[in-house]
Amino acid sequence: MIYAFVRFTVENIDTWKPVFVEAAALRKTFGSLRAHAFSKADSKNEITVLLQFESREKAMQMFQSTEFREVTKRGGMIAPPEVTFVEEVAALDS
């Protein structure tokens, strides 16, 4: 299992959000198991998405796909996303 943090800025979060929800089918096609989206508290148009994937290979295929570029364009992304892959090393309840 692999996770991806995706950071980007959108023109308008209200335009971006329904496109993100609609793109769930695309994410699932590439092995996405879960997605959480966050905006900065003091800058709502700066978004960080945490995605869980079956594999890094499938995740990379999605990020490089034409469909992903089309969805991000429709969602009003201002600049290319910054993607960081991470692996879980511990989970704690606190």
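This is a predicted model: local features need pLDDT of at least 70, side-chain atom pairs count only at pLDDT 80 or more; totals for chains, interfaces and linings use all residues.
S1 (residues 2-9) and S4 run antiparallel and are joined by five bridges.

**The sheet**
- The sheet is open and has four strands, ordered S2-S3-S1-S4, with antiparallel pairing.
- Strand S2 (32-40) and strand S4 (82-86) take the edge spots; each has a single partner strand, so one side of each lacks a neighbour in the sheet.
- On average, neighbouring strands here are turned by 20° against each other, ignoring direction.
- As for what holds such things together, strands of a sheet pair through backbone hydrogen bonds, either parallel or antiparallel.

**H1 on the sheet**
- Helix H1 packs on the sheet and touches S1, S2 and strand S3 (43-53).
- The direction of H1 makes about 15° with that of S3.

**Helix H4**
- Which residues of H4 (residues 66-74) are buried? They include Phe-68, Val-71 and Thr-72.
- Why do these residues lie on the same side of H4? Because they cover an arc of only 95° around the axis.
- The cover over the buried residues of H4 includes helix H1 (13-22), helix H2 (24-29) and helix H3 (56-63).
- After H4 comes Gly-76, which has a positive phi, near 80°.

**Where the two topics meet**

Key:
Residues are numbered from 1 along each chain as its sequence is written. Side-chain values use heavy atoms; hydrogens and water are left out. Buried means under 20% relative accessible area, exposed over 50%, partly exposed in between (1.4 Å probe, protein chains only). Helices (H or I, at least four residues) and strands (E, at least two) are DSSP runs, numbered from the N terminus. The arc is that of the directions from the helix axis to the C-beta atoms. Contact means heavy atoms within 4.5 Å. Two strands pair if DSSP finds at least two bridges between them. Axes are lines fitted to C-alpha atoms, for helices over the stretch in contact, and angles run from 0 to 180 degrees between N-to-C directions.
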